[in-house]
Amino acid sequence: MTSRVVDAIVSEPGRAGVADCERIMLAGGERQGARVTGQTAKIASHCECGSMAVRQVNQFILHDELWWDSEFSCGSCGTYLCEHAGPGPAPDDVREALLAALGPVRLRLVGSVPSLVPALKVFREVSAASLSRARELVGELSHDGLVGTLSEMEFLKARLQLRGVPVDVDR
């Protein structure tokens with residue numbers, strides 16, 4: 001499948017930019033009325049019918065969890081697929097599309113930290129990182145900061161701040 005980023009949307013809290021896959025899940029009732037913060041990128045892609053289609057990828061925070069979804073639609077043949085919708089880290093192709101369309105953001109420490117243990121706990125909880133990998137991530141956070149998508153860094157920011165780690169996101 002050949003694809004390229006053709007459009008991008010950044011949505012602030014609310015409904016703008018939320019994908020149809022997510023609207024389907026929101027219509028289910030449990031998540032209705034939830035605040036959603038996220039990013040969207042549209043990627044040109046080839047459809048099986050031979051026409052150009054659009055793959056829309058989204059990453060967002062919903063109910064204090066990092067989610068992603070992906071939709072595929074072809075205006076020529078009418079194909080529409082909700083390829084994925086659910087919590088968890090986004091696959092590399094989704095992350096790459098968001099980073100290419102919207103650019104990376106950086107999560108940095110903005111104050112002194114008496115102990116790095118709370119940050120280690122967060123990285124182990126959210127990514128199931130080994131202790132050595134969690135130490136590496138805390139080291140990056142302490143120096144130049146961590147780089148990723150806006151949704152990823154906002155998610156980590158919220159988790160770290162809950163543990164008393166003073167961080168902020170540079171856009």
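This is a conversation about one predicted protein model and what its atoms show.

Visitor: What should I know about the model before reading it?
Guide: It is a predicted model, in which local features need pLDDT of at least 70 and side-chain atom pairs count only at pLDDT 80 or more, while totals for chains, interfaces and linings use all residues. Residues are numbered from 1 along each chain as its sequence is written, and side-chain values use heavy atoms, with hydrogens and water left out.

Visitor: What does the protein average in pLDDT?
Guide: The average pLDDT (the predictor's confidence in each residue, from 0 to 100) is 83. A score of at least 70 is reached by 78% of the residues.

Visitor: Where does pLDDT stay under 50?
Guide: One such segment is residues 1-19, for which the model has 57 contacts beyond four places in sequence; a contact means heavy atoms within 4.5 Å. Another is residues 24-34, with 15 contacts beyond four places in sequence.

Visitor: How many helices and strands are there?
Guide: The protein has five helices and eight strands. Helices (H or I, at least four residues) and strands (E, at least two) are DSSP runs, numbered from the N terminus. In order from the N terminus, the elements run β-α-β-β-β-β-α-β-α-α-β-α-β.

Visitor: What share of the residues counts as buried?
Guide: Of the 171 residues, 39% count as buried. Buried means under 20% relative accessible area, exposed over 50%, and partly exposed in between, with a 1.4 Å probe and protein chains only. As for contacts with a separation of 6 or more, 60% of them join residues 24 or more positions apart.

Visitor: Moving to cysteines, how many disulfides are found?
Guide: The search of the whole structure finds zero disulfides, a disulfide being a pair of cysteine sulfur atoms within 2.5 Å.

Visitor: Now the aromatics. Which residues form an aromatic pair?
Guide: The count comes to one aromatic pair. Phe60 and Trp67 form that pair, which is stacked, at 6.2 Å centre to centre with 25° between the planes. Under the rule, rings of Phe, Tyr and Trp (its six-membered ring) pair if their centres lie within 6.5 Å; planes under 30 degrees apart count as stacked, over 60 as edge-to-face and the rest as tilted. Phe60 and Trp67 are both buried.

Visitor: Where is Trp67 found, and what does its side chain reach?
Guide: Trp67 is in strand 4 (residues 65-73), and its relative accessibility is 4%. Its side chain reaches the backbone oxygen of Leu62 at 3.5 Å. The C-alpha atoms of Trp67 and Ala90 are separated by 7.4 Å, although these residues are 23 apart along the chain.

Visitor: What about Glu71?
Guide: Glu71 is also placed in strand 4 and counts as buried, at 6% relative accessibility. Its side chain makes a polar contact with the side chain of Tyr80 (3.2 Å). A polar contact is a pair of N or O atoms within 3.5 Å; within protein, one must be able to donate a hydrogen and the other to accept it, and residues adjacent in sequence count only if both atoms are side-chain atoms.

Visitor: Which side chain does Gln59 contact?
Guide: The side chain of Gln59 makes a polar contact with that of Thr149 (2.4 Å). Gln59 lies in strand 3 (residues 52-62) and is buried, with a relative accessible area of 0%.

Visitor: Turning to helix 2, which residues are buried?
Guide: In helix 2 (residues 92-102), the buried residues are Val94, Ala97 and Leu98. They cover an arc of only 95° around the axis, which puts them on the same side of helix 2; the arc is that of the directions from the helix axis to the C-beta atoms. On the other side, Asp92, Glu96 and Ala100 are exposed.
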